[in-house]
Amino acid sequence: MFKNAIVRKPGKSLVNGLTSANLGKPGYDKALTQHAGYVAALKKCGVEVTVLEADERFPDSVFVEDTAVVTARCAIITNPGAAGRKGEEVAIKEVLTSFYDNIEHIQPPGTLDGGDVMMVGNHFYTGLSARTNREGAAQFTRILKKYGCTGSAVPLKKVLHLKTGLAYLENNNLMAAGEFIDLPLFKRFNKIVIDESESYSANCIWVNGVVIMPAGFETTKAAVEIAGYQVLTVDVSEFRKLDGGVSCMSLRF
Ligand code: CIR
């Protein structure tokens, strides 16, 4: 169960965020409203939400997930892989020190984005992506070992982050899209296979038994409900324009 979540409000500089989506520029006012809706959904799942003010220096800083990996035993501050995002992690570390005694770091030349890490109990799958390099993943696995956890690497082919195409819903249930559907590594899971036309909806989060997912993906929503979950949908269209989604917008622990 998660007790806490940390989020950061989007800033006006959001319009300059990194993207490959080709969906146009996000609207600031709309993004603020959507962000408030996202926070409300987290609260409905019973977590205490720490809402950080916008940091205009970093257009992508609303995507706090990439700056740290928060586990039951330690917080690992990342070295984000995109040049323009390096430094976002400094303020997140300050916040996490009031929640964690054990804080670790990914050190250069290692890079790692939290969006590349999927937690399954004490095991952490780490995507090797344009953002997370082998050195970052190796450091991460060494840190996990210190805390009695394990890690394994998953080379990515197309997606930005591992959790762009995967979401673990506990109880051995895994949502999978695109390149992950037939990957032998994930054979042991009960898979909720996401249709190509709804692949964006693979980026969802399990929060205390409830699944928060993006609005507008009815086939996926029905499949998650059939699997036995209550679903909360949130409109995150403005964040999608920056390749972000519901997992990227919070740290949950
Ligand atoms: C970026 O390219 O870094 C942001 N525009 C999107 C980050 C999405 N984060 C995530 O999937 N964890």
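Start by selecting E170: this residue is partly exposed, with a relative accessible area of 24%. On this scale, buried means under 20% relative accessible area, exposed means over 50%, and partly exposed is in between (1.4 Å probe, protein chains only). You are looking at a predicted model, where local features need pLDDT of at least 70, side-chain atom pairs count only at pLDDT 80 or more, and totals for chains, interfaces and linings use all residues. Residues are numbered from 1 along each chain as its sequence is written, and side-chain values use heavy atoms, with hydrogens and water left out.

**Stay in the E170 loop**

E170 sits in the loop between strand 9 (166–168) and strand 10 (173–176). Helices (H or I, at least four residues) and strands (E, at least two) are DSSP runs, numbered from the N terminus. Check the backbone here: E170 has a positive phi of about 65 degrees, although it is not a glycine. Now click on N171, in the loop between strand 9 and strand 10. N171 is not a glycine either, and its phi is positive at about 50 degrees. Its side of the story on exposure: N171 is exposed, with a relative accessible area of 61%. Most residues other than glycine have a negative phi, and most peptide bonds are trans.

**Next, P108 and P109**

Select the pair P108 and P109, which are joined by a cis peptide bond with omega of about 5 degrees. P109 lies in the loop between strand 5 (103–105) and strand 6 (117–120).

**Over to A130**

Pick A130 in the loop between strand 7 (123–128) and helix 3 (134–146). Is A130 buried or exposed? A130 is exposed, with a relative accessible area of 78%.

**Then V154**

V154 is in strand 8 (residues 150–155). V154 is buried, with a relative accessible area of 1%. Try the distance tool again: V154 and Y125 are 29 residues apart in sequence and 6.7 Å apart in space, C-alpha to C-alpha. Leaving out residues up to four places away in sequence, V154 touches Y125, T126, G127, L128, L162, F180, L183, L185 and F186. A contact here means heavy atoms within 4.5 Å.

**Into the core**

Which residues have the most contacts inside the largest nonpolar core? They are L42, L169 and I212, in a core of 42 residues. Strand 1 (4–8), helix 1 (28–44), strand 12 (205–207), strand 13 (210–214) and strand 14 (230–234) are the elements that give two or more residues to this core. Helix 1 supplies the largest share, 5 residues. A nonpolar core is a set of buried Ala, Val, Leu, Ile, Met, Phe, Trp, Tyr and Cys residues joined through side-chain atoms within 4.5 Å. Show the neighbours of I212: not counting residues up to four places away in sequence, I212 touches A41, L42, C45, C204, I205, V207, L232, V234 and V246.

**Zoom out**

Finally, show the whole chain, with its 5 helices and 15 strands. The C-alpha trace spans about 45 × 40 × 35 Å along its principal axes. Colour by burial and you will find that buried residues make up 55% of the 253 residues. Among contacts between residues at least 6 apart in sequence, 68% join residues at least 24 apart.
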